[in-house]
Amino acid sequence: MASLTALLLLVVGAAVPVTIPATVPATVPADAPFPGATQVYATTFDAATEEELNGWPPGWTRRQGPGFPRYVRMKLDECAPPGGGRCLRVDLNGGGAMAYSPLVPVKTDVEYVLEGCIQTLGLKYDRAYLSLAFLDSKRNELATVPSKKIATSDGWQRLRVGPIRPPAGASSCTVGLHVEPAGRIEDIHGSAMFGNLWVGRLPRIVLTARSASASRAEAKSDISALQSAAAVFTRGEAIEISCDGTGFIADSFELRLRLENREGRLLAEHKQRFKGPEVAIAREAAPLRLNPQSPIPSPPEAATSSHDSHLPSPPAPLANAGEGSASASVVWKPPLDEVGFYRVRATVASTDNSSRNKSIQAESTLVVVEPQSAPHNSEFGWSLSPINMPLQLVPLSDLICCSGIRTVKYPFAGKPSIEPLIGFCDRLNRSDIGLIVVLRPDPVPSEKPIWPHDLLAAEAFARDAKVWYPSVEPVLARLGTQIRSWQLGDDLDLGWVGCRELSEIVSHVKGELDHVGQNLDVAIPWGFNAPLPYRVQPENSSGLRRDKTPSVKPVPWRFLTSVCDSSVSEKELAMRLDGSRSADIARWIALEALPQAENLPDARVAHLAGRMIAAKIHGAEGIYFADPFEPQRGLIHPDRTPTDLFLPWRTTALMLGGANYIGEIDLPRGDSIHCFTRDGKNLAVVPASSPTTETIYLGPDVRQHDLWGRHQPCPAVTCGAGVSPASVAAVETPAPQLQIAIDGLPTFLTGLDPTISNWHLAVHLSPDRVPSIPNTASPVSLEFKNTFAKSIAGRVKITGPQRWQVKSQSIEFRLAPGATWKRGLEIVLPNDVVAGRQMVRFDFEIDADQTYCFAVHRPLEVSLGDMLVEAKTHLNDHGDLEVHQTILNRGKKPASFRCDLLTPDRRRQSVEVRAVPSTLKETVYLLPDGEELFGKTLWLRAEEINGPRVLNFRLETPSPADAKNRRTQKVERSADSITL
């Protein structure tokens with residue numbers, strides 16, 4: 001998706017103005033000229049002229065030299081691209097080909113966009129693409145922006161570059177046509193064709209957001225600040241948004257500013273009209289003199305020169321290149337008094353009948369936060385990359401201090417000035433944020449950066465310290481006493497995995513570090529799925545202790561850091577952490593987010609927050625965001641504006657940092673919430689789930705927080721409201737209830753009463769599953785603990801799902817502080833017992849300093865014991881609804897079942913299934929006219945032949961809305977898949 005790049009001035013704090021480019025998603029089809037742009041160059045190669053020589057377009061330059069042989073055929077061809085004309089065709093024979101258009105004069109206060117058509121035939125190893133290169137007045141290349149690179153195309157494909165703003169000092173641009181090998185192997189066959197090239201000029205919009213109390217003159221005086229910080233504001237701070245635009249050529253135009261929340265809802269709007277330029281002057285661009293030192297060939301030699309020149313000749317005269325234009329400026333103070341994520345959109349549209357500048361848009365983002373420091377012992381941090389770091393150290397430290405984290409990994413790159421790093425460290429120390437320096441020394445002392453990715457840290461540190469120590473000595477000498485943790489190699493460096501002398505090398509490096517700081521902590525990067533490293537060290541000649549067991553000497557590293565890429569699920573992350581616990585080694589996890597271009601915003605947010613929560617629950621000692629400035633996956637855009645992940649990361653880190661996981665609390669409908677405690681206060685996480693509401697009582701002051709920092713009290717509801725009678729029997733009780741909204745994103749609960757929430761956590765049923773044998777008593781034990789600070793008396797009423805029988809439904813008890821109560825129960829299941837997870841309700845009435853009434857829910861699994869049954873529905877291509885039933889016998893004896901499928905207004909379907917041990921038996925039921933059953937409930941009953949076990953469970957079919965989509969797309973959806 002193309003984007004319109006402007007500049008946005010945003011602020012961190014009350015008086016620090018910043019300049020940040022704003023990006024705009026393109027909303028136009030790629031097969032049309034960019035809307036609102038003025039054409040400055042176009043060619044269709046259609047008209048043969050006297051200047052055309054041997055099929056070569058006049059004014060164009062072909063690059064020749066190493067990698068671009070002359071024998072690769074490149075000439076005009078009659079194959080017509082969309083829009084007509086001819087094309088410039090390349091027929092490969094090994095090597096690449098490159099051609100550049102005549103130079104086009106440019107202005108630096110506007111933006112440019114390139115569009116063109118490409119068709120490829122038979123390319124395998126090469127790639128074809130367009131580019132837009134900007135040059136200074138001496139023909140030196142300042143910047144080149146490529147398009148998407150394609151190998152194969154289904155017919156002609158239109159590509160776009162930009163819109164982009166020329167770099168400072170640019171005086172001209174040129175269009176490049178490229179066919180190059182993607183690797184070492186080159187195509188010796190295949191063709192690429194280019195045609196219908198078009199370059200347009202767009203106005204430039206500059207958005208400025210800053211504290212309303214700061215003067216604009218002050219904002220423009222600090223150039224370094226203008227180019228540095230990110231867009232994070234504090235709640236209550238009055239924000240002033242300015243919009244300055246240049247390059248408008250319509251007779252009259254309107255500038256419109258819109259403020260939207262994350263959901264796209266319009267919060268405020270401002271409009272203002274302007275007149276266009278009084279006189280539009282068309283000037284001809286004078287030919288520019290060729291610099292003798294420039295690699296640009298002269299025009300007569302352009303197509304045939306044998307030296308390695310690859311940029312074009314001076315430009316031919318171009319009409320309208322210097323057309324007159326107008327500017328506009330608007331200042332607006334929108335109402336921004338709530339925390340959250342916001343978008344500012346600026347639109348400039350012509351109000352006359354001209355087709356020029358019909359609609360030009362710019363967009364940027366900002367966030368408003370509550371001032372809040374991260375908990376002192378928070379596990380959350382950032383892992384900075386040496387490649388993606390657009391901020392200077394001073395504004396970077398300001399951003400870090402308001403990002404909800406406690407640690408930062410900073411890559412130390414060679415021998416730059418150490419003074420900025422010292423100030424950066426001091427600023428973080430004042431905010432109690434720990435700094436971890438990532439070292440990767442250069443084995444050959446030089447002035448170059450020391451981050452070549454072909455050099456592994458294990459290789460560098462394995463050499464003599466005289467080789468690698470000089471490159472890290474400056475930072476050790478100045479910061480060795482302040483920084484306690486040092487990482488040997490960046491997070492992606494896996495050279496330590498499989499290193500035979502791992503312990504010896506790291507011990508040696510640690511010894512060198514300890515000469516500066518005493519007993520420093522060392523971290524090494526490690527593979528996510530690699531086993532934890534350890535070392536066995538014998539203490540005597542036999543290699544055994546006196547108890548004849550090997551002795552283990554502590555390893556020299558204190559931390560292992562692993563990158564958890566976006567493909568790793570929450571379950572896989574949990575399994576990895578549970579299987580790698582160590583008393584001596586702390587595990588740091590660097591989480592990678594989903595890419596922005598391929599995923600919806602809510603999916604990216606849920607993915608990141610879910611894995612943060614999983615890492616916290618399963619005991620990761622450090623939880624880092626991998627590369628927060630990465631363009632597609634980061635928390636901060638390359639233009640230094642926050643992405644939609646910034647606030648979810650910050651909110652989750654602030655909520656869970658330093659908290660201890662204490663268990664799950666079950667909700668009436670079967671969901672669970674994860675409970676944590678910190679500083680004597682309990683809080684909970686409500687995981688992402690299908691939209692619904694739950695009712696529970698966890699105290700009178702519970703508040704629900706979303707991932708963007710917004711919060712509100714949980715509303716009180718009438719007793720029994722929201723409780724499904726299908727799963728939980730209605731019970732008249734004076735217990736208060738609070739309503740919790742659950743949707744597709746995690747939320748947080750604060751203000752939990754510790755006594756009430758701990759009581760919820762202390763209620764247990766043992767065992768937690770019962771066999772599906774109707775009319776037979778199954779013994780179950782109920783256990784709970786007195787979490788009040790004084791002795792209590794009370795009673796509990798026990799209610800199962802409909803038609804369940806529970807003996808001793810009402811029981812009285814007395815408990816001292818901290819005492820545990822346990823009582824045996826008997827549960828009798830009905831004939832139509834429903835399989836799966838069923839909720840049992842316990843209504844407590846407790847007499848302490850006052851009377852407390854609340855309900856607790858606990859699950860019981862109804863199953864066939866050693867039989868695993870699953871079922872799902874599927875609508876096939878013939879419109880029949882298929883019900884797939886599988887039975888897996890995990891026991892040692894065969895078993896037979898009579899299975900019945902009950903369908904509304906249809907005949908019952910029955911089948912007998914014999915399940916042999918360790919085999920999977922599948923049965924398919926076919927229901928014609930399956931769309932008629934959409935939205936209805938199917939029942940499947942499995943009754944053991946010559947046995948007591950009976951199982952019933954329901955299958956939910958696709959919704960009725962899916963039937964409407966049936967005509968345009970194939971409907972294939974699994975219903976509830978129940979494991980029994």
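This report describes the helix packing and nonpolar cores of a predicted model.

Residues are numbered from 1 along each chain as its sequence is written. Local features need pLDDT of at least 70, side-chain atom pairs count only at pLDDT 80 or more, totals for chains, interfaces and linings use all residues, and side-chain values use heavy atoms, without hydrogens and water.

The chain has 12 helices and 54 strands, taken as DSSP runs numbered from the N terminus (helices: H or I, at least four residues; strands: E, at least two). Of its 980 residues, 55% count as buried, meaning under 20% relative accessible area with a 1.4 Å probe, protein chains only.

The axes of helix 8 and helix 9 cross at roughly 20° and come within 9 Å; axes are lines fitted to C-alpha atoms over the stretch in contact, and angles run from 0 to 180 degrees between N-to-C directions. The two helices are therefore roughly parallel (angles under 35 degrees). Contact means heavy atoms within 4.5 Å.

| Helix | Residue range | Residues in the contact |
|---|---|---|
| Helix 8 | residues 570-578 | Glu570, Leu573, Leu577 |
| Helix 9 | residues 601-617 | Ala606, Gly610, Arg611, Ala614, Ala615 |

A nonpolar core is a set of buried Ala, Val, Leu, Ile, Met, Phe, Trp, Tyr and Cys residues joined through side-chain atoms within 4.5 Å. In the largest one, of 92 residues, Trp382, Trp496, Leu573 and Trp649 touch the most other members. Helix 9 gives the most to this core, with nine residues. Apart from it lies another core of 48 residues, including Ile696 and Trp821.

Beyond its neighbours within four places in sequence, Trp496 contacts residues including Phe461, Leu488 and Trp526.

Definitions and conventions: Angles under 35 degrees count as roughly parallel, over 145 as roughly antiparallel, 65 to 115 as roughly perpendicular and the rest as oblique. Buried means under 20% relative accessible area, exposed over 50%, partly exposed in between (1.4 Å probe, protein chains only).
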